[in-house]
Amino acid sequence: MTEHDRVPLAGVVGWPIAHSRSPRLHRHWLRRYGLAGDYVPLGVAPRDFEAAFRALPLLGFRGVNVTIPFKETVLKLATKVSDRASLIGAANTITFREDGTIYADNTDGYGFLENLRAGAPGWKASDGPALVFGAGGAARAIISALLSDGAPEIRLTNRTRARAEFLAEHFGAKVRVVDWIKAEAAMDGAATLVNATALGMTGHPPLPVSLRRAPKSMLVTDIVYTPLMTPLLEEARERRMRWVDGLGMLLHQGRPGFEAWFGVAPEVDEELRRAVLEE
(Lines give C-alpha, C1' and ligand atoms only; values in the text may rest on other atoms or scores of the structure.)
Protein backbone atom coordinates (compact mmCIF):
# COMPACT_ATOMS: atom_id res chain seq x y z
CA MET A 1 0.00 0.00 0.00
CA THR A 2 1.35 3.43 -0.94
CA GLU A 3 0.65 6.76 0.73
CA HIS A 4 -1.84 7.48 -2.06
CA ASP A 5 -3.80 4.27 -1.32
CA ARG A 6 -4.54 5.22 2.26
CA VAL A 7 -7.91 6.60 3.25
CA PRO A 8 -7.16 10.00 4.81
CA LEU A 9 -7.92 10.12 8.51
CA ALA A 10 -8.28 12.86 11.10
CA GLY A 11 -9.72 12.94 14.57
CA VAL A 12 -9.97 14.56 17.97
CA VAL A 13 -7.75 13.49 20.87
CA GLY A 14 -8.80 14.08 24.47
CA TRP A 15 -9.65 12.50 27.82
CA PRO A 16 -12.61 12.14 28.11
CA ILE A 17 -13.80 12.47 24.51
CA ALA A 18 -17.31 10.95 24.19
CA HIS A 19 -18.95 14.38 24.57
CA SER A 20 -17.15 15.92 21.57
CA ARG A 21 -19.28 17.07 18.65
CA SER A 22 -16.28 17.49 16.37
CA PRO A 23 -16.85 14.07 14.68
CA ARG A 24 -20.36 15.20 13.63
CA LEU A 25 -18.91 18.42 12.29
CA HIS A 26 -16.15 16.91 10.16
CA ARG A 27 -18.15 13.88 9.01
CA HIS A 28 -20.88 16.22 7.79
CA TRP A 29 -18.32 18.09 5.69
CA LEU A 30 -16.86 14.83 4.36
CA ARG A 31 -20.34 13.72 3.22
CA ARG A 32 -21.23 17.14 1.81
CA TYR A 33 -18.13 17.32 -0.38
CA GLY A 34 -18.07 13.63 -1.30
CA LEU A 35 -14.61 13.10 0.14
CA ALA A 36 -13.00 9.83 1.12
CA GLY A 37 -11.84 9.68 4.70
CA ASP A 38 -13.07 9.71 8.26
CA TYR A 39 -12.79 11.76 11.46
CA VAL A 40 -12.77 9.75 14.66
CA PRO A 41 -12.85 10.39 18.42
CA LEU A 42 -9.67 9.20 20.13
CA GLY A 43 -9.86 8.82 23.89
CA VAL A 44 -6.30 8.62 25.20
CA ALA A 45 -5.32 8.45 28.87
CA PRO A 46 -2.77 11.13 29.79
CA ARG A 47 -0.06 8.56 30.58
CA ASP A 48 -0.34 7.20 27.01
CA PHE A 49 -0.65 10.49 25.16
CA GLU A 50 2.86 10.91 23.77
CA ALA A 51 3.13 7.33 22.49
CA ALA A 52 -0.35 7.43 20.94
CA PHE A 53 0.24 10.83 19.39
CA ARG A 54 3.52 9.82 17.74
CA ALA A 55 1.86 6.72 16.27
CA LEU A 56 -0.92 8.66 14.50
CA PRO A 57 1.00 9.55 11.28
CA LEU A 58 2.00 5.88 10.93
CA LEU A 59 -1.68 4.94 11.02
CA GLY A 60 -2.59 7.31 8.18
CA PHE A 61 -3.70 10.34 10.15
CA ARG A 62 -3.18 13.65 8.39
CA GLY A 63 -3.90 15.58 11.54
CA VAL A 64 -5.97 15.86 14.68
CA ASN A 65 -7.74 18.31 16.88
CA VAL A 66 -6.49 18.26 20.46
CA THR A 67 -8.70 19.05 23.41
CA ILE A 68 -8.55 18.90 27.21
CA PRO A 69 -6.15 18.00 28.80
CA PHE A 70 -3.58 17.95 25.98
CA LYS A 71 -3.67 21.45 24.44
CA GLU A 72 -0.53 22.60 26.24
CA THR A 73 1.31 19.27 26.29
CA VAL A 74 1.13 18.89 22.53
CA LEU A 75 3.25 22.01 21.95
CA LYS A 76 6.26 20.10 23.27
CA LEU A 77 5.76 17.39 20.63
CA ALA A 78 5.40 19.72 17.64
CA THR A 79 8.16 20.44 15.16
CA LYS A 80 6.74 23.85 14.25
CA VAL A 81 4.35 26.03 16.26
CA SER A 82 2.31 28.90 14.80
CA ASP A 83 2.76 32.38 16.25
CA ARG A 84 -0.77 32.39 17.66
CA ALA A 85 -0.40 28.99 19.32
CA SER A 86 2.89 30.13 20.82
CA LEU A 87 1.34 33.35 22.14
CA ILE A 88 -1.67 31.54 23.58
CA GLY A 89 0.46 28.74 25.00
CA ALA A 90 -1.79 25.99 23.65
CA ALA A 91 -2.67 24.27 20.38
CA ASN A 92 -5.90 22.66 19.20
CA THR A 93 -5.14 21.84 15.55
CA ILE A 94 -2.28 19.57 14.52
CA THR A 95 -1.19 18.76 10.97
CA PHE A 96 1.15 15.88 10.17
CA ARG A 97 2.97 17.09 7.07
CA GLU A 98 4.34 14.89 4.31
CA ASP A 99 7.93 15.87 5.15
CA GLY A 100 7.48 14.41 8.63
CA THR A 101 7.10 17.70 10.48
CA ILE A 102 4.30 18.25 13.00
CA TYR A 103 2.64 21.66 12.78
CA ALA A 104 0.71 22.95 15.80
CA ASP A 105 -1.79 25.78 15.49
CA ASN A 106 -4.54 27.31 17.61
CA THR A 107 -7.76 28.11 15.74
CA ASP A 108 -9.97 28.83 18.76
CA GLY A 109 -9.49 32.60 18.47
CA TYR A 110 -10.10 32.46 14.74
CA GLY A 111 -13.32 30.53 15.35
CA PHE A 112 -14.40 33.02 18.00
CA LEU A 113 -13.94 36.05 15.72
CA GLU A 114 -15.53 34.40 12.69
CA ASN A 115 -18.55 33.43 14.79
CA LEU A 116 -19.09 37.04 15.91
CA ARG A 117 -18.57 38.43 12.41
CA ALA A 118 -21.15 36.01 11.03
CA GLY A 119 -23.64 36.35 13.87
CA ALA A 120 -23.36 40.13 14.34
CA PRO A 121 -22.51 41.67 10.95
CA GLY A 122 -20.54 44.88 11.34
CA TRP A 123 -19.14 43.95 14.76
CA LYS A 124 -15.44 44.68 15.30
CA ALA A 125 -13.26 44.15 18.35
CA SER A 126 -12.10 47.72 17.89
CA ASP A 127 -15.64 48.97 18.67
CA GLY A 128 -14.65 49.39 22.31
CA PRO A 129 -13.54 47.64 25.51
CA ALA A 130 -14.36 43.96 25.96
CA LEU A 131 -15.35 42.38 29.28
CA VAL A 132 -14.18 38.75 29.44
CA PHE A 133 -15.27 36.28 32.13
CA GLY A 134 -12.83 33.43 32.72
CA ALA A 135 -9.08 32.85 32.65
CA GLY A 136 -8.74 29.34 31.24
CA GLY A 137 -7.56 28.11 27.86
CA ALA A 138 -10.56 29.47 25.97
CA ALA A 139 -10.11 32.89 27.56
CA ARG A 140 -6.45 32.94 26.51
CA ALA A 141 -7.38 32.33 22.87
CA ILE A 142 -10.21 34.86 22.99
CA ILE A 143 -8.09 37.60 24.58
CA SER A 144 -5.38 37.05 21.98
CA ALA A 145 -7.95 37.24 19.16
CA LEU A 146 -9.63 40.37 20.52
CA LEU A 147 -6.30 42.16 20.89
CA SER A 148 -5.19 41.15 17.41
CA ASP A 149 -8.47 42.50 16.03
CA GLY A 150 -7.94 45.89 17.64
CA ALA A 151 -9.70 45.79 21.00
CA PRO A 152 -8.56 48.91 22.88
CA GLU A 153 -8.95 47.28 26.30
CA ILE A 154 -9.77 43.90 27.83
CA ARG A 155 -11.47 43.93 31.22
CA LEU A 156 -10.74 40.48 32.58
CA THR A 157 -12.52 38.93 35.54
CA ASN A 158 -12.23 35.47 37.07
CA ARG A 159 -13.36 33.85 40.30
CA THR A 160 -9.70 33.19 41.13
CA ARG A 161 -8.13 36.61 40.69
CA ALA A 162 -4.56 35.26 40.55
CA ARG A 163 -5.29 33.42 37.29
CA ALA A 164 -6.64 36.61 35.73
CA GLU A 165 -3.58 38.53 36.91
CA PHE A 166 -1.34 35.90 35.30
CA LEU A 167 -3.06 36.43 31.94
CA ALA A 168 -2.91 40.21 32.31
CA GLU A 169 0.84 39.97 32.84
CA HIS A 170 1.14 37.64 29.86
CA PHE A 171 -0.81 39.81 27.41
CA GLY A 172 0.27 43.24 28.57
CA ALA A 173 -1.07 46.65 29.48
CA LYS A 174 -4.32 46.47 27.49
CA VAL A 175 -5.60 43.74 29.83
CA ARG A 176 -6.97 45.06 33.13
CA VAL A 177 -8.12 42.74 35.93
CA VAL A 178 -11.53 43.40 37.48
CA ASP A 179 -12.70 41.87 40.76
CA TRP A 180 -15.30 39.14 40.19
CA ILE A 181 -17.79 40.88 42.48
CA LYS A 182 -17.36 44.16 40.57
CA ALA A 183 -17.92 42.69 37.11
CA GLU A 184 -21.30 44.35 36.56
CA ALA A 185 -19.79 47.81 37.09
CA ALA A 186 -17.14 46.93 34.48
CA MET A 187 -19.87 46.70 31.83
CA ASP A 188 -20.01 50.51 31.73
CA GLY A 189 -18.86 51.59 28.27
CA ALA A 190 -18.02 48.04 27.14
CA ALA A 191 -18.73 47.08 23.53
CA THR A 192 -18.44 43.29 23.92
CA LEU A 193 -19.11 40.82 26.74
CA VAL A 194 -17.74 37.29 26.54
CA ASN A 195 -18.50 34.41 28.89
CA ALA A 196 -15.45 32.16 28.51
CA THR A 197 -16.34 30.02 31.54
CA ALA A 198 -18.46 26.86 31.89
CA LEU A 199 -21.05 28.79 33.92
CA GLY A 200 -24.41 28.50 32.19
CA MET A 201 -23.59 25.11 30.68
CA THR A 202 -25.96 22.22 31.35
CA GLY A 203 -25.17 20.92 34.83
CA HIS A 204 -23.49 24.15 35.94
CA PRO A 205 -24.93 27.22 37.69
CA PRO A 206 -25.55 30.33 35.56
CA LEU A 207 -23.07 33.18 35.28
CA PRO A 208 -23.96 35.25 38.38
CA VAL A 209 -24.34 38.66 36.73
CA SER A 210 -27.14 40.81 35.38
CA LEU A 211 -27.02 42.90 32.23
CA ARG A 212 -28.99 45.73 33.79
CA ARG A 213 -25.94 48.03 33.71
CA ALA A 214 -24.82 47.00 30.24
CA PRO A 215 -25.02 49.46 27.34
CA LYS A 216 -27.85 48.57 24.94
CA SER A 217 -25.30 48.56 22.12
CA MET A 218 -23.11 45.92 23.76
CA LEU A 219 -22.73 42.55 22.03
CA VAL A 220 -23.12 39.55 24.35
CA THR A 221 -21.64 36.16 23.48
CA ASP A 222 -21.09 32.86 25.26
CA ILE A 223 -18.70 30.04 24.39
CA VAL A 224 -21.16 27.56 25.91
CA TYR A 225 -23.45 25.84 23.37
CA THR A 226 -25.17 23.24 25.57
CA PRO A 227 -27.72 24.71 25.97
CA LEU A 228 -27.59 26.90 22.91
CA MET A 229 -29.46 29.67 24.76
CA THR A 230 -27.74 30.11 28.12
CA PRO A 231 -29.31 32.25 30.85
CA LEU A 232 -26.89 35.04 29.87
CA LEU A 233 -28.04 34.99 26.25
CA GLU A 234 -31.69 34.73 27.30
CA GLU A 235 -31.31 37.94 29.28
CA ALA A 236 -29.58 39.67 26.38
CA ARG A 237 -32.43 38.65 24.10
CA GLU A 238 -35.04 39.86 26.58
CA ARG A 239 -33.27 43.22 26.78
CA ARG A 240 -33.14 43.38 22.96
CA MET A 241 -29.37 43.47 22.89
CA ARG A 242 -27.21 41.89 20.21
CA TRP A 243 -26.14 38.35 21.12
CA VAL A 244 -24.34 35.44 19.47
CA ASP A 245 -24.43 31.84 20.71
CA GLY A 246 -21.33 29.71 21.16
CA LEU A 247 -21.92 26.99 18.57
CA GLY A 248 -20.39 28.96 15.71
CA MET A 249 -17.06 29.15 17.50
CA LEU A 250 -16.85 25.34 17.39
CA LEU A 251 -17.90 25.25 13.73
CA HIS A 252 -15.53 27.95 12.50
CA GLN A 253 -12.50 26.74 14.47
CA GLY A 254 -12.77 23.45 12.59
CA ARG A 255 -12.44 24.99 9.13
CA PRO A 256 -8.64 25.50 8.93
CA GLY A 257 -7.92 21.95 10.05
CA PHE A 258 -10.40 20.37 7.67
CA GLU A 259 -8.90 22.30 4.75
CA ALA A 260 -5.36 21.28 5.71
CA TRP A 261 -6.26 17.59 6.12
CA PHE A 262 -8.79 17.03 3.32
CA GLY A 263 -7.98 19.80 0.81
CA VAL A 264 -11.36 21.57 0.74
CA ALA A 265 -12.29 24.87 2.42
CA PRO A 266 -15.65 23.97 4.04
CA GLU A 267 -18.66 26.22 4.60
CA VAL A 268 -20.44 26.97 7.85
CA ASP A 269 -24.21 27.25 7.39
CA GLU A 270 -27.54 26.35 8.98
CA GLU A 271 -27.47 22.80 7.65
CA LEU A 272 -24.17 22.24 9.45
CA ARG A 273 -25.53 23.75 12.68
CA ARG A 274 -28.51 21.36 12.59
CA ALA A 275 -26.26 18.37 11.94
CA VAL A 276 -23.97 19.17 14.87
CA LEU A 277 -26.85 19.88 17.27
CA GLU A 278 -28.81 16.74 16.32
CA GLU A 279 -29.29 14.37 19.24
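The side chain of D245 reaches the backbone nitrogen of L247 at 3.0 Å. The model is predicted: local features need pLDDT of at least 70, side-chain atom pairs count only at pLDDT 80 or more, and totals for chains, interfaces and linings use all residues. Residues are numbered from 1 along each chain as its sequence is written, and side-chain values use heavy atoms, with hydrogens and water left out.

D245 sits in the loop between strand 12 (242-244) and helix 8 (247-253). Helices (H or I, at least four residues) and strands (E, at least two) are DSSP runs, numbered from the N terminus. The relative accessible area of D245 is 9%, so D245 is buried (buried means under 20% relative accessible area, exposed over 50%, partly exposed in between, with a 1.4 Å probe and protein chains only). The side chain of D245 also makes a polar contact of 2.9 Å with the side chain of R273. A polar contact is a pair of N or O atoms within 3.5 Å; within protein, one must be able to donate a hydrogen and the other to accept it, and residues adjacent in sequence count only if both atoms are side-chain atoms. With neighbours within four places in sequence set aside, D245 is in contact (heavy atoms within 4.5 Å) with N115, T221, D222, L228, L233 and R273.

N115, one of these contacts of D245, falls within the range of helix 4 (residues 108-119). Two packed helices are described by the angle between their axes and the distance between the axes. Axes are lines fitted to C-alpha atoms, for helices over the stretch in contact, and angles run from 0 to 180 degrees between N-to-C directions. The axes of helix 4 and helix 5 (residues 137-148) come within 8 Å and cross at roughly 60°. Helix 4 is therefore oblique to helix 5 (angles under 35 degrees count as roughly parallel, over 145 as roughly antiparallel, 65 to 115 as roughly perpendicular and the rest as oblique). The crossing is right-handed; a crossing is left-handed if the near helix is turned anticlockwise from the far one by less than a right angle, and right-handed if clockwise.

On the helix 4 side, D108, G109, F112 and L113 meet A141, I142, A145 and L146 of helix 5. By class, this contact has six nonpolar, one polar and one charged residues (Ala, Val, Leu, Ile, Met, Phe, Trp, Tyr, Cys and Pro count as nonpolar, Asp, Glu, Lys and Arg as charged, and the others, Gly among them, as polar). G109 is buried, at 6% relative accessibility. Beyond its neighbours within four places in sequence, G109 is in contact with A141 and A145. From G109 to P256 the C-alpha distance is 12 Å, at a separation of 147 residues in sequence.

Helix 9 (residues 255-262) pairs with helix 1 (residues 22-32): their axes come within 11 Å and cross at roughly 50°. Helix 1 is thus oblique to helix 9, and the crossing is right-handed. H26, W29 and L30 in helix 1 meet R255, F258, W261 and F262 in helix 9. These residues divide into five nonpolar, one polar and one charged.

The remaining details concern loops. The peptide bond from I68 to P69 is cis, with omega near 10°, and P69 lies between strand 3 (61-66) and strand 4 (80-81). A cis peptide bond also joins T226 and P227, with omega about 10°; P227 is in the loop between strand 11 (219-222) and helix 7 (231-238). R240, in the loop between helix 7 and strand 12, has a positive phi near 60°. R240 is exposed, with a relative accessible area of 78%.
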